[in-house]
Amino acid sequence: MASEPYFPEDAGGSPHSSLLGSEFVSFDEDTLTATMRFTVKREMTTWRGGVQGGLVAGYLDDVMGYAFVAATRGEQAPLNLELSMSLIRLIPEGATIIGKGRVVKAGRRVVFLEGELLAEDGTIHARATSTAIPTPRPSPTETGMV
């Protein structure tokens, strides 16, 4: 994916990407929509056999964030001020889920994002909206993570 101008080379190496089982799939420049694939690990689930709600927010945050990173060609990243989520159905262990994140509106001071998580057959599992501020995207070197 490093050949894509809107997916920074170091983006997939973030520790959270490994935890979430994230895989960047594509970015549609016309609709400012990022598509990602997540494989649900056992560590993400509760005794009910599905992903814990706060961790569902992590998937949604990831795909919405990547939509903004891609829209700015890796120059900026959103810093959440608010995230609102609806949990529609349980996401089971081992599932492959498709995340769609969109930039609804991006200004100099505020960014509005939305996202959804879908089963491979298109069944919706969760939706979210986020209000964020645009910030320079930090690199792993700048943050001391490498």
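## Basis of the model

A salt bridge is taken here as a side-chain nitrogen of Lys or Arg within 4 Å of a carboxyl oxygen of Asp or Glu, and the structure holds 6 salt bridges. This is a predicted model, in which local features need pLDDT of at least 70 and side-chain atom pairs count only at pLDDT 80 or more, while totals for chains, interfaces and linings use all residues. Residues are numbered from 1 along each chain as its sequence is written, and side-chain values use heavy atoms, with hydrogens and water left out.

## Sheet and helix

The sheet is open and has 6 strands in the order 1-2-4-5-6-3, with antiparallel pairing; strands (E, at least two residues) and helices (H or I, at least four) are DSSP runs numbered from the N terminus, and two strands pair if DSSP finds at least two bridges between them. Its edges are strand 1 (22–28) and strand 3 (76–87), each of which pairs on one side only. From one strand to the next, the twist averages 25°.

Strand 4 (residues 96–106) and strand 5 run antiparallel and are joined by 9 bridges, and Ala106 stands opposite Val111 in strand 5. Helix 2 lies across strand 1, strand 2, strand 3, strand 4, strand 5 and strand 6 (124–136), and runs at about 140° to strand 3; axes are lines fitted to C-alpha atoms, for helices over the stretch in contact (heavy atoms within 4.5 Å), and angles run from 0 to 180 degrees between N-to-C directions.

Side chains of opposite charge can pair when their charged atoms come close. The side chains of Arg37 and Glu23 meet in a salt bridge at 3.2 Å, N to O; Arg37 lies in strand 2 and Glu23 in strand 1, so this pair ties together parts that are 14 residues apart in sequence. Arg37 is partly exposed at 28% relative accessible area, as is Glu23 at 39%, where buried means under 20%, exposed over 50% and partly exposed in between (1.4 Å probe, protein chains only).

A salt bridge also forms between Arg73 and Glu29, whose closest N and O atoms are 3.0 Å apart. This pair links distant parts of the chain, with Arg73 in the loop between helix 2 and strand 3 and Glu29 in the loop between strand 1 and strand 2, 44 residues apart. Arg73 is partly exposed at 42%, and Glu29 is partly exposed at 46%.

## A salt-bridge network

Arg102, Glu114, Glu116 and Arg127 are linked in a network of salt bridges. Within it, the closest N and O atoms of Glu116 and Arg127 are 3.7 Å apart; because Glu116 lies in strand 5 and Arg127 in strand 6, the pair ties together parts that are 11 residues apart in sequence. Glu116 counts as buried at 16% relative accessibility, whereas Arg127, at 44%, counts as partly exposed.

## A buried glycine and a nonpolar patch

Gly50 is found in the loop between strand 2 (33–39) and helix 2 (53–71), and is buried, with a relative accessible area of 1%. Leaving aside neighbours within four places in sequence, Gly50 is in contact with Met44, Thr45, Leu90, Ile91 and Pro92. The C-alpha atoms of Gly50 and Ile91 are separated by 5.0 Å, although these residues are 41 residues apart along the chain.

On the surface, Val104, Val110 and Phe112 form a nonpolar patch with about 230 Å² of accessible area together. Patches are made of residues with over 30% relative accessible area and no salt bridge, with like charges joined within 9 Å and nonpolar side chains (Val, Leu, Ile, Met, Phe, Trp, Tyr) within 5 Å; accessible areas come from the Shrake-Rupley method with a 1.4 Å probe, and for residues only the protein chains shown count as cover. Phe112 lies in strand 5 (residues 111–119) and is partly exposed at 37% relative accessibility.
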